[in-house]
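Biologist: I have a model open and would like to learn how to read its features. Could you walk me through it?

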Amino acid sequence: MGLSSQMIRTSRLVCSNIAEGYRKRQYEKHFKSKLSDADSENSETQLWLDFALACDYISEEKKNELQYKSEEIGKLINYMMKHPDKFGL
């Protein structure tokens, strides 16, 4: 699989894991487990950004922009894990 395919896959899995967890939010452990999976995929996406920069596929400015967005997503996922009661549990 190419680098772009990996980045697309991991970034999509962030969204799908959140959606899957939200659909089963009545089960707190399942909800948190899927959010943990989403956080892992988000971290993997950050790794692929490092590779993309190292291979000169993206500029440092673009990498920093995407890294910032990914870190913000990570903060939101962690907030959801720490406060499941705010999401209908």
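This is a predicted model: local features need pLDDT of at least 70, side-chain atom pairs count only at pLDDT 80 or more; totals for chains, interfaces and linings use all residues.

Biologist: Happy to start with charges. How many salt bridges does a search of the whole structure find?

Modeller: The general idea is that side chains of opposite charge can pair when their charged atoms come close. A salt bridge here is a side-chain nitrogen of Lys or Arg within 4 Å of a carboxyl oxygen of Asp or Glu. Searching the whole structure gives 9 of them.

Biologist: Which residue forms a salt bridge with Glu41?

Modeller: Arg9 does, with the closest N and O atoms 3.8 Å apart. Glu41 sits in helix 2 (residues 28-54) and Arg9 in helix 1 (residues 3-23), so this pair ties together parts that are 32 residues apart in sequence. Helices are DSSP runs of H or I with at least four residues, numbered from the N terminus.

Biologist: And is Glu41 buried or exposed?

Modeller: Buried means under 20% relative accessible area, exposed means over 50%, and partly exposed is in between (1.4 Å probe, protein chains only). Glu41 counts as buried because its relative accessibility is 15%, while Arg9, at 29%, is partly exposed.

Biologist: Which other partner does Arg9 have?

Modeller: Arg9 also forms a salt bridge with Glu44, where the closest N and O atoms are 2.9 Å apart. With Arg9 in helix 1 and Glu44 in helix 2, this pair ties together parts 35 residues apart in sequence. Glu44 is partly exposed, at 23% relative accessible area.

Now try Asp50 and Lys63, whose side chains meet in a salt bridge at 3.0 Å, N to O. The pair links distant parts of the chain, with Asp50 in helix 2 and Lys63 in helix 3 (residues 60-82), 13 residues apart. Lys63 is buried at 11%, whereas Asp50 is partly exposed at 39%. Salt bridges that share partners also join Arg9, Glu41 and Glu44 into one network.

Biologist: Good. How many disulfides does the structure hold?

Modeller: A disulfide is a covalent bond between the sulfur atoms of two cysteines. The test is a pair of cysteine sulfur atoms within 2.5 Å, and the structure holds 0 disulfides. Cys15 is exposed at 53% relative accessibility, and Cys55 is partly exposed at 40%.

Biologist: What should helix 2 span?

Modeller: The expected span is 1.5 Å times one less than the number of residues. For the 27 residues of helix 2 that comes to 39 Å, and its end C-alpha atoms are 39 Å apart, which agrees.

Biologist: Which residues of helix 2 are buried?

Modeller: An α-helix has 3.6 residues a turn, so residues three or four places apart point the same way. In helix 2 the buried residues include Phe31, Leu35, Ala38, Asn42, Thr45 and Leu49. Helix 1 and helix 3 are among the parts that cover the buried residues of helix 2. Just after helix 2, Asp56 takes a positive phi of about 60°.

Biologist: Last one: what does Tyr22 touch?

Modeller: Contact means heavy atoms within 4.5 Å. Tyr22 touches Phe31 and Phe87, not counting residues up to four places away in sequence. Tyr22 lies in helix 1 and is partly exposed at 32%.

Technical notes:
Residues are numbered from 1 along each chain as its sequence is written. Side-chain values use heavy atoms; hydrogens and water are left out. Helices (H or I, at least four residues) and strands (E, at least two) are DSSP runs, numbered from the N terminus.
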